[in-house]
Structure formats: C-alpha cells, structure tokens
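Hi,

Here is the structure I promised to pass on.

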Amino acid sequence: MAIKNVKESLIRITLLVIGRKGLGRNWPWSMINTEGYSLPFEESLFTVEQSVLFQILLPAWIMRIVPVHRLQRYWRARVSFLQHLDQMYMNKRTELEATQTSALNGEDQAPTDLLGALVHSQLNSEQEARLQGGDEKVAGLTKSEIIGNMCTAGHETSGHTLGFAVAYLALYPEWQDEVRKEIMAACGAGEPAYKEMRNLPLTLAVCLETLRLRDIVSTVMRKAIVDIEVPYTTWDSTGIVTRRTHLVKKGSFFVIDSAATSLNPHFWGSDSLEFNPRRHLETTPPYVSFSLGARQCLGKRFAEVEMTSFISGIFYQYSIIPVKLHEQETWQEMKARMIDSATEEISFTPGKFGVRLQSRLESE
Ligand code: HEM
C-alpha cells in the first residue's frame, strides 16, 4: 500500500479529526465542489485554506467583481466561511446560556467538546468582568479567536507536524523499531486505544522532537507593554555560546524566533540538530513549540493525543519506507526533498513526498 502525497493526506486526516472532536461534525474524506452561492462549511474552510495567499493579498471586493471563476469561488468561500463561523458560535452560545440557566437550578453540565469548552470559558470571563464592573465585551477570547483559531490553528499545525514525523521515521527506520517496541509493550497484541496514550512517552517524544527540529509556528508576535530586557544567547561555528540581553522598549512589536530557541546548542547540547526523540524522556529545557505563558497553545494536549494516536495506530501495524523519485536517489537527496525543502507558509510546511506501508502483522 502506498500514500502518494503524505502532506495532503495528513492535512485531510487532521481536518476530519478537528471536525469530529472539535466541532462534532462528520465530514467526508473526499470534498465535493458545489457551485451554489453559499458553500457548505467544510468546503468553505478547505477552499479558504487552499487560497490563503489570495485571501491575504486581495480585498474581498476585488475577488467578487473580477470575472475570473476561480477568484469568485474564493470570494464565495470566504463569505460562506465567515457566516458558518458566526452561526456555529451563536448556536453554541445560545445552547450554553440555556445550560447556565439550568446550572443555577442545580443542573450543571460541563461541555465535553472543544468548541463548547472555549465558549463556556468565554461566558465565564464575561460574567467575571460584569461582576467586577469591567467591560464584558473585551473579556476573554473573541469570537474569531475561538472558532477561527480552532479551525485553522487546530488542524494544519498537527497535520504538518505529522507529515514531518512520518518523514523522519521513514528516513530513520531504527526509530520505527523503537516506537513499535514501546507500543507492543504498552498495548500487547491489540490495537492501541485512547487509555494507552499516556503509556507511550517515546511515541509522543517523536512528535515533540519533530516539532523541535521543524518548528511549525516558528514566529510568534508580541507587543511589549513595559520596557523589558530580553535575555538571549548566540553561538559561533565552534560552538562557543555567548549570553546577551536586548532592551525592548514599551510599545514595540517583536517576533519571538522560537525555532532558534529550539535548536540552541546552549539549551539542547552539541547534537541539537540531530533527530533524537529520547532526549525528551529526560529533563529538558523549556519547550517553546506550543509557546509559553498566558497565550500558549490552547490545543496543546489535544494535539499531543491526536499525534500520539496517529503514530501508534500506524506503526503498530506497518513499517514505512520512503518512495524514491528514481532508483539512484540517495538517502541525503531524499532527506533534502522530504524535510529540508520545507517552506514557510501559514505554518512550516513539509515538501511533497510519498511512502510505502508494509504490514508488520502479516510478517509475524
Ligand atoms: C502540533 C500542533 C500545534 C502547534 C505546534 C501549535 C502551536 C501554537 C502556538 C505556538 C500558539 C501561540 C501563538 C502565539 O502565541 O501567538 C498557538 C495558539 C493556539 N492554538 Fe495551537 N498549536 C497546535 C495545535 C492546536 C490544536 C490542535 C488546536 C485546537 C484544537 C489549537 C488551538 C490553538 C488556539 C485556540 C490558540 C490561540 C490561543 C490564544 O490566542 O490564547 N492548536 N498554537
């Protein structure tokens, strides 16, 4: 069995996961192109993502009036997407406000889906702001932060991380064997189940190590609200590390280069550029790939469980072999194509590559 385009397949899988577990929707594997004025939610989300550069660079009115079918479709996708987000948010809010009222009557029910949990915390922030006499409209996350982030931040990031993880494991089969050993020890002969995820630290470490080396959200923007001295380190080609500080003045916008922190030999040792998942089983330096502090990733645990489930589900059953472009393609050339050719788009994106899956269960 072969997967021709790993990146595309994984983006589709993580979209289905966030649809099911985040929004409670079952989407089909294959997307049908509808031609009506309003596109269904999953199609509008998918089309907006496919056209993200156009969506950023072109104002909506230009896409609407230019007589090019593709641009007009992008515009319809954008309008439909925003309408769907609005509708979903309002439905969930109405549902939870009703539950809050019954909670006052002693029938509290915490939401179990991700969207419900976020809107629930939003309602609580607003209530707190009201009680303290503040502005409830600026309390907590905004509507677009809640749903927009969940849709886009919630599947492309984990899809791309899994794409890189599959590439690393295909290129370093010795780690496939290590991971499989752990899965068999934790799950026996049965297929890995949710309750076993916490017993798969090396499998999770493969994902963390992948993210460390290929930091998916590599630039995090911040604004300084006070003057602040930011410590940082530099190092030269001989490995000599120098500690420095930089004064960031109040009001400045700055970008945290988390990829540089993740590769810094001062923190991660002289083998910081090597793929070694086992390092995450020891005490590690602060891990920044999900950001840190009050605005760190809300979906961190969700992503960790999702990625561990995927890796354990595949490698319990199969070993993976990279598909060469031609017979003479060397390991170095494959690595350059599968990992080093990554591009910086909305998030760091793996190159195009395919893999072959070989069943391990049949050969045992
Ligand atoms: C490997 C997967 C993921 C990575 C590497 C990642 C990384 C990040 C990072 C670095 C941030 C902070 C951005 C900033 O500070 O400006 C962030 C924020 C966020 N992420 Fe993730 N993320 C992942 C998966 C997810 C998933 C699966 C969800 C939802 C289910 C999610 C939801 C969010 C949300 C809602 C925020 C905004 C939090 C806020 O604004 O306070 N992320 N993510």
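Neighbours within four places in sequence aside, Ile11 is in contact with Glu156 and Gly159, where contact means that the C-beta atoms, placed from the backbone, lie within 7 Å. Before going further, please note that this is a predicted model, in which local features need pLDDT of at least 70 and side-chain atom pairs count only at pLDDT 80 or more, while totals for chains, interfaces and linings use all residues. Residues are numbered from 1 along each chain as its sequence is written.

Ile11 lies in helix α1; helices (H or I, at least four residues) are DSSP runs, numbered from the N terminus. Ile11 counts as buried because it has 20 C-beta neighbours inside 10 Å. The cut-offs there are 20 or more other C-beta atoms within 10 Å for buried, 12 or fewer for exposed, and partly exposed in between, with C-beta atoms placed from the backbone. Along the chain, Ile11 and Leu162 are 151 residues apart, yet their C-alpha atoms are separated by 8.9 Å.

As for the helix itself, α1 (residues 6-23) has 18 residues and reaches 25 Å from its first C-alpha to its last, close to the 26 Å expected at 1.5 Å a residue. That expected span is 1.5 Å times one less than the number of residues. Which residues of α1 are buried? They are Val6, Lys7, Leu10, Ile11, Thr14, Leu15, Ile18, Gly22 and Leu23. Seen down the axis of α1, they fall within an arc of 165°, so they line one face of the helix; the arc is that of the directions from the helix axis to the C-beta atoms. After α1 comes Gly24, with a positive phi near 70°.

Helix α8 has 16 residues and reaches 23 Å from first C-alpha to last, close to the expected 22 Å at 1.5 Å a residue. Of those 16 residues, 15 are buried, so α8 is largely enclosed by the rest of the structure.

Ser158 lies in α8 (residues 156-171) and counts as buried, with 27 C-beta neighbours inside 10 Å. Leaving aside neighbours within four places in sequence, Ser158 is in contact with Thr14, Ala303, Glu306 and Met307. Ser158 and Ile346 are 188 residues apart in sequence and 13 Å apart in space, C-alpha to C-alpha.

**Two helix pairs**

How do α8 and α14 (residues 331-340) sit relative to each other? Their axes come within 10 Å and cross at roughly 170°. Axes here are lines fitted to C-alpha atoms, for helices over the stretch in contact, and angles run from 0 to 180 degrees between N-to-C directions. That makes α8 roughly antiparallel to α14. The cut-offs are under 35 degrees for roughly parallel, over 145 for roughly antiparallel, 65 to 115 for roughly perpendicular, and oblique for the rest. On the α8 side Phe164, Ala167 and Leu171 meet Trp331, Met334, Lys335, Met338 and Ile339 of α14. By class, this contact has seven nonpolar, no polar and one charged residues. Nonpolar covers Ala, Val, Leu, Ile, Met, Phe, Trp, Tyr, Cys and Pro, charged covers Asp, Glu, Lys and Arg, and the others, Gly among them, count as polar.

The axes of α9 (residues 173-187) and α13 also come within 10 Å, crossing at roughly 95°, and that makes α9 roughly perpendicular to α13. Gln176, Val179, Arg180 and Ile183 in α9 meet Ile311, Ser312 and Phe315 in α13. The classes in this contact are four nonpolar, two polar and one charged.

In helix α6 (residues 114-131), Leu115, Leu118, Val119 and Gln122 are buried. They cover an arc of only 95° around the axis, which puts them on the same side of α6. Just after α6, Gly133 takes a positive phi of about 75°.

Ser291 has a positive phi too, about 65°, although it is not a glycine. Ser291 lies in the loop between α12 (265-268) and α13 (300-315) and counts as partly exposed, with 16 C-beta neighbours inside 10 Å.

Glu196 is in the loop between α9 and α10 (201-213). With 18 C-beta neighbours inside 10 Å, Glu196 counts as partly exposed. Beyond its neighbours within four places in sequence, Glu196 is in contact with Ala186 and Cys187.

Cheers

Terms used
Contact = placed C-beta atoms within 7 Å.
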